[in-house]
Every structure is written in structure tokens, then in C-alpha cells.
Amino acid sequence: MSTGSLESITIHKFRGIRDLELKDLGHINLLVGINNSGKTSVLEALSIYCHPLDIRVWLSTARQREQEYRISRTPSLDALQWLFAHDFPLDREKLKAGSISISGSGSFAVKQMKATYEEIEGIFVSEKRRRLVPGDDQLAESEDEQIGESEDLLEFRKGLDLKVKLYTEQLSLFNSEEADIIEDYQLWEHEFLSRASGKREPSLLTSVVTPASHRSDIGQFRLLSEARFLNFKADVLDLLRQMDNNISDIEILLSSESISSRFNIYIQHERLGLAPVSTFGDGVRRLLHIALKLASVRGGIFLIDELESAIHTEALQNSFSWLVKWCKEMDVQLFATTHSLEAVDALLDVTEYESDLVLYRLEPKDIQTRVVRHDWDRLKRLREELGQEIRW
Amino acid sequence: MNRKCILIGVEGNHDQAFLSKVLREFLGFSKCEDQKNLDALWRKFIPVYPPKTGRLHLRLDMPSILYTDALSVAIYAGEGSRLVANLKDKLADIDYLSSLSAFAIVADADKQKPAEVAKKYYDELREYFPDFPYEISETGAVTETTPKLGIYILPNNSDQGVLNTLLCACGEVAYPVYMERAKSYISQFSEEEVKQIGWKPFDKEKATVATIVSILKPGKTNTASISDNAWVSTRAEQQILSLKNLTIFLRKLLSI
């Protein structure tokens with residue numbers, strides 16, 4: 001049985017992580033560890049590694065932790081900079097450059113990705129000035145004429161020179177020193193950064209579930225409408241019944257009161273009738289969100305931060321049984337973080353083989369993160385025979 | 001708390017109680033009864049019961065933890081033949097090479113000669129501790145590596161026997177009259193009877209000790225008697241060479 005697309009991953013440099021190696025990955029990979037041990041960073045590193053040239057993924061990954069905050073968001077460029085590793089002790093000077101290095105093995109073509117950035121500064125014509133000058137050509141001409149005369153119309157902006165190098169299996173056979181793909185990006189603050197969207201390929205399909213992403217409706221309808229969802233809609237209903245036995249169907253409908261032609265997901269409920277999904281509890285929304293995301297990532301990598309979030313302990317086992325079944329069915333490799341011993345025990349109960357479930361405990365040390373790996377066999381003995389605490 | 005941590009594996013609860021008593025009686029250790037005195041490393045050794053094993057009455061192993069100002073010793077009792085397998089699983093879950101200052105096995109020689117038992121443990125543990133000793137003298141063996149590694153085979157590193165062989169010797173010092181009466185009682189059972197009951201080698205010694213325990217601590221277990229009665233005493237240590245050698249072994253292991 002295939003264990004998934006990735007066989008191992010080493011995060012040499014990423015955020016605060018140094019030389020963290022996850023060997024012999026399984027189908028379900030559970031990350032545990034104390035707060036700030038780097039669990040979420042591992043998921044973020046996987047997102048970047050699987051989409052190394054897609055700047056939109058870089059940006060969404062950089063902002064992922066702020067998803068639930070509507071205010072005080074870190075500027076995009078700053079958030080991007082914090083994805084990179086910096087020399088310690090960190091100061092303003094050292095923040096001006098940083099690096100990322102991640103390598104992996106498995107069926108994904110990219111075997112190593114390295115990225116570096118350098119802070120740059122540029123002079124731009126302010127928005128006010130842009131409004132005065134209609135076209136790009138005229139803008140350039142006009143700049144030349146007026147620099148010095150009206151400096152208040154010019155502004156300094158921070159930017160990043162981002163260089164990404166990829167090493168792939170095929171070309172590395174001939175020359176392992178030189179990168180096979182090198183891409184440069186120049187990103188400026190106050191610009192609509194997703195304009196610099198980069199390239200989608202090479203990539204490995206990923207889907208991310210954060211602790212709060214089920215509370216946002218964005219994208220849910222699109223996911224539900226995808227034909228592939230229909231193949232397992234009946235099973236999704238079974239999953240949702242873990243939370244509420246009165247759920248009988250899921251529908252995509254246009255509300256009669258809607259003036260924006262916006263479709264919404266409705267749940268057919270024995271007692272409530274047809275009710276929008278937003279009126280249901282966190283657990284139902286979370287499981288539906290996980291199910292929809294899973295459907296979108298067939299053959300790829302599914303990243304769930306805080307697997308147990310919003311799911312009552314009594315519902316964990318059946319929910320995870322469903323998740324494991326469909327991860328296998330759709331050849332999806334799961335990476336999930338958890339703080340919950342009940343979640344570990346529930347996953348142990350619903351998995352059977354050595355490669356089914358692997359637990360990695362991250363232990364940050366002075367210069368690197370130590371990783372303790374337990375395969376399913378040992379994890380089962382540790383928990384069930386010895387009652388060992390394995391989260392720290 | 002920043003004590004050096006020493007892990008000692010033993011095969012059963014009686015060995016655990018005996019070693020615990022030796023550490024308290026001769027080497028100045030106190031038993032850790034309060035979680036606030038527990039060193040961080042041993043917190044992982046407190047079982048956290050899995051919720052649905054299907055074995056509702058199963059009790060999981062809890063090591064005896066003993067400490068001085070500078071040292072913290074955990075005596076882990078595996079389930080006899082499962083000792084090494086359980087220890088390996090537990091060691092795999094901790095950074096044992098840097099967190100332990102010593103690791104040792106105290107086993108008995110009920111089925112094999114002590115040298116063979118030592119070799120068996122060496123073979124089983126060398127994956128985790130390549131320097132684990134297998135050549136034993138009358139005081140067992142302790143390496144000078146980091147962590148220190150040791151093995152002591154009961155009753156005396158040279159003869160076959162079990163903990164109860166040593167306890168009988170202790171009983172001769174502490175309770176000579178009771179020992180006489182117990183042996184006389186046990187000897188009333190014919191060979192045919194004990195064969196029918198299904199005694200294994202060294203069960204005679206075990207029955208003798210248990211007989212005295214039933215008098216010293218009626219209704220209590222051997223572990224309670226080993227802990228509370230006078231089996232292990234300074235007088236016994238002075239008179240019984242193998243008990244003295246066990247203390248020497250522990251002193252070497254603990255660097256005291």
C-alpha cells in the first residue's frame with residue numbers, strides 16, 4: 001500500500017526550525033509537541049515545499065495564522081519575511097535577509113527547494129501622483145522631469161528580492177550542484193501582491209485546514225459543487241450524523257431573500273427543516289469543512305492544524321475512522337497537529353498497520369529540533385500497554 | 001530540581017520493592033510520594049490510562065521513584081519477560097543518552113546461569129546501549145561510559161537463583177526462628193505434592209518467604225513486608241556477602 005506522495009521531509013531552515021527531519025512518513029502523520037515546538041511551521045513548510053513557485057501560496061501561508069483576526073494584520077511583506085530563517089540573535093539588520101531550505105523524498109519531482117530574500121527599497125510615484133498621469137509611458141517621462149521639484153509626490157517603498165531555486169530528480173542526475181529551476185521575484189509593499197502570482201508548477205496538490213478555517217464560508221460552495229464530492233456525499237452525511245443524528249441531506253441553494261445571487265450550503269434537518277450550515281454548531285461545520293477540503297485534494301497532501309478542534313471527544317473515533325477511510329480511498333497523505341491525547345488514542349483505534357499512522361513529537365533544542373518518531377506498532381504499545389504520555 | 005536521573009529495570013514487583021528498600025536503608029534515598037518532588041523525566045513514566053483498551057481492570061506499571069538531593073532513581077518493573085521490550089519502548093520516547101546519568105538491569109537467574117542472563121540482556125540492549133556490559137564479577141558490572149551502564153544478576157552473580165534466594169538469607173539473619181518454622185512447614189509437602197501443585201525451580205524459597213510474610217504482615221503482600229519489615233537491614237548487609245555486593249554495585253552505578 002502506498003503511504004502517500006512524500007516519503008521523508010527535512011526542514012533545514014524555515015521560520016525558527018533548523019534541521020528537522022521527518023523520516024519514513026506514513027499515510028497519517030501526526031505532529032505533537034509543546035506550544036511553540038514548530039508543529040504549525042511544519043505544515044506551513046510543507047505548503048511552501050509543495051508549491052515552491054506559487055507566490056499566492058507563499059502569501060496565504062504567511063498570513064494563515066492571522067486568518068481569524070480581522071484587525072492588526074501583519075503587512076504581507078513582513079509576514080513573508082517571517083517565513084524565512086534568520087541568524088540569531090535577531091535584530092533589524094538580520095531581518096533584511098533570510099533563507100529557506102527544505103528537502104524531501106518521494107514521488108514529488110522537487111527534491112530540494114532553497115529560497116532567499118533581500119530587503120530592497122524603491123522610489124515610487126505616490127497614488128496621488130499616479131492619478132495625475134494617465135498612462136505608464138507618460139508616467140515615466142513625467143517622473144524624469146519632476147524628480148526634485150515635487151518630492152512629496154514620490155514615496156519610498158520596501159520591497160523584497162525573492163530568489164527560489166529548485167532541485168529536481170531528473171536534472172540533478174547530471175549536476176547536483178546547480179539548481180534546475182531558478183526564479184526571481186520582486187515584491188513591493190502596498191502593491192496587490194498576488195499580481196506577482198508566480199508559477200503553479202511544479203506543485204503537489206495540497207489543502208489546508210486551520211483551527212478556524214471552518215468558520216469562514218469562503219470557498220465552501222465551490223468545494224461542495226465539485227463533481228467529485230458527489231461520489232462521497234452519502235459518506236459525508238454519515239460523518240455529519242456523528243454530530244447530529246437528525247441531519248439527512250446537504251443542498252446548495254440560493255436563499256429566497258438573497259439579493260446577491262449568492263448560493264449557500266443548507267442542511268436538511270429532521271427537526272429544523274432546511275437550515276443554512278452557518279446556523280449549526282462548530283462541530284458540524286468543522287467536519288463538513290474537513291470533508292470538503294479532503295474531496296479537493298485527491299492524490300495530494302492534506303494539512304490539518306489542530307485535528308481535534310471543535311470535535312467532542314466522544315465523536316473523535318467515528319470522525320477519524322471516516323477521515324482515515326477517505327484518506328486511503330483518495331490516496332491522500334495527511335499531516336495533522338494535535339494537542340490531544342484523546343485524538344492520538346482515537347486515531348490508534350481506527351488504524352491498523354505500521355504505515356497507517358506515524359507520530360512525530362517535536363522537541364526544540366538549542367540548535368535544532370529533535371524529532372521522536374513512533375510508528376503505529378510502538379505507539380500502540382506505548383499508549384495501550386504502558387500508558388505512556390507521548391505528547392511531550 | 002536538577003538531579004541526575006538513573007533508570008534501573010527489574011523483572012517484577014518484589015525486585016522493585018527490594019531494591020527500593022536497599023536504596024533507602026543503605027544509601028540515604030527517600031521515596032518520592034509527592035508529585036511536586038518528581039523530576040521532569042519521570043513524569044513521563046506515570047501511566048496515563050488509555051480510555052478504551054477493553055481491559056477495564058488492567059493496572060499499568062508505575063516505577064518506584066527514590067531521590068536524594070543530587071540523585072533521582074526510577075526502578076521500573078517490567079512484566080518479567082516483557083521487561084526489555086517495555087524498556088526499549090520507553091527509552092525510544094525519551095532522549096535517554098543525554099537525560100540519563102546511568103541505566104542498569106537487576107535481574108535474576110532462575111532459568112539460566114548468571115553469565116548467560118547477562119549475555120542475553122547485552123544482546124537485547126546493545127541496539128540502545130552498545131557498551132552495555134556482559135562480563136560480570138561478584139559485584140555485577142558497571143561501565144565508566146556516559147551514561148553509566150550496569151547489570152547485576154541475583155542472587156550473587158555466580159549461582160542460579162532468584163530474589164527469594166537472597167531474601168531467605170536475609171530471613172536467616174532477621175527472623176531465624178521463623179525461618180526454621182517456615183522451612184519445617186514447607187518440608188511437610190512431599191515431592192509428589194509439590195509436583196502436583198506445579199512448583200517451578202526456586203518456588204520453595206518463594207513459599208518460605210511468603211509463609212513468614214503471612215505471619216509478619218497477615219493479609220499483606222511480599223512487597224509490603226520487604227518494604228516495612230527487617231529483611232533488609234544493616235546487620236543483614238554485614239553478614240550476607242551478596243547483599244553487600246549489591247550495595248557496592250549500586251554505589252558504583254550511582255557514583256556515590
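This is a short tour of a predicted two-chain model, stop by stop, with what to select and what you will find there.

**Before you start: confidence**

Colour by pLDDT and begin with chain B. Its average is 93, and 98% of its residues score at least 70. Among the elements of chain B, helix α2 (residues 40–43) has the lowest mean pLDDT, at 90, while β6(B) has the highest, at 98. For the complex, the predictor reports an ipTM of 0.84 and a pTM of 0.86.

**Stop 1: R15(A)**

Select R15(A), in the loop between β1 (6–14) and β2 of chain A. Is R15(A) buried or exposed? With a relative accessible area of 15%, under the 20% cut-off, R15(A) counts as buried.

Now show the side chains around R15(A). Its partner is E44(A), and the two form a salt bridge with an N to O distance of 2.6 Å. R15(A) sits in the β1–β2 loop and E44(A) in helix α1 (residues 39–50) of chain A, so this pair ties together parts that are 29 residues apart in sequence.

**Stop 2: E44(A) and its other partner**

R65(A) lies in the loop between α2 (55–63) and α3 of chain A and E44(A) in helix α1, so here the parts tied together are 21 residues apart in sequence.

How much of each residue is accessible? E44(A) is buried, with a relative accessible area of 0%. R65(A) is at 38% and counts as partly exposed. Back at the other pairing, R15(A) and E44(A) are both buried.

**Stop 3: D54(A) and R56(A)**

Next, select D54(A) and R56(A). They form a salt bridge in which the closest N and O atoms are 3.3 Å apart. D54(A) is buried at 6% relative accessible area, whereas R56(A), at 30%, is partly exposed.

**Stop 4: a network involving both chains**

Over all chains, the count of salt bridges comes to 29.

**Stop 5**

Switch to a surface view and pick E7(A), D19(A), E21(A) and D24(A). Together they form a negative surface patch. One of them, D19(A), is in strand β2 (residues 17–22) of chain A and is partly exposed, with a relative accessible area of 41%.

Then select W82(A), F88(A) and L90(A). This is a nonpolar surface patch, with about 320 Å² of accessible area together. Zoom in on F88(A), in the loop between α3 (76–81) and β4 (97–106) of chain A. At 58% relative accessibility, F88(A) counts as exposed.

**Stop 6: D349(A) and F320(A)**

Still in chain A, draw a C-alpha to C-alpha distance between D349(A) and F320(A). They are 29 residues apart in sequence and 9.2 Å apart in space. D349(A) is in helix α12 (residues 341–350) of chain A and, at 31% relative accessibility, counts as partly exposed.

**Stop 7: backbone details in chain B**

P147(B) is in the loop between β6 (141–142) and β7 (148–154) of chain B. Then go to L154(B) and P155(B), also joined by a cis peptide bond, with omega about 10°. P155(B) is in the loop between β7 and α6 (163–174) of chain B. For context, most peptide bonds are trans.

Finish at F202(B), in the loop between α8 (191–197) and α9 (203–216) of chain B. Its phi is near 70°, a positive value in a residue other than glycine. F202(B) is buried, with a relative accessible area of 18%.

Technical notes
Residues are numbered from 1 along each chain as its sequence is written. Chains are lettered from A and ligands numbered from 1 in the order in which they are written. This is a predicted model: local features need pLDDT of at least 70, side-chain atom pairs count only at pLDDT 80 or more; totals for chains, interfaces and linings use all residues. Side-chain values use heavy atoms; hydrogens and water are left out. Patches are made of residues with over 30% relative accessible area and no salt bridge: like charges are joined within 9 Å, nonpolar side chains (Val, Leu, Ile, Met, Phe, Trp, Tyr) within 5 Å. Accessible areas come from the Shrake-Rupley method with a 1.4 Å probe; for residues, only the protein chains shown count as cover. A salt bridge is a side-chain nitrogen of Lys or Arg within 4 Å of a carboxyl oxygen of Asp or Glu. Lys and Arg count as positive and Asp and Glu as negative; His and the chain ends are not counted. The place of a charge is taken as NZ of Lys, CZ of Arg, CG of Asp or CD of Glu. Helices (H or I, at least four residues) and strands (E, at least two) are DSSP runs, numbered from the N terminus. Buried means under 20% relative accessible area, exposed over 50%, partly exposed in between (1.4 Å probe, protein chains only). pLDDT is the predictor's confidence in each residue, from 0 to 100.
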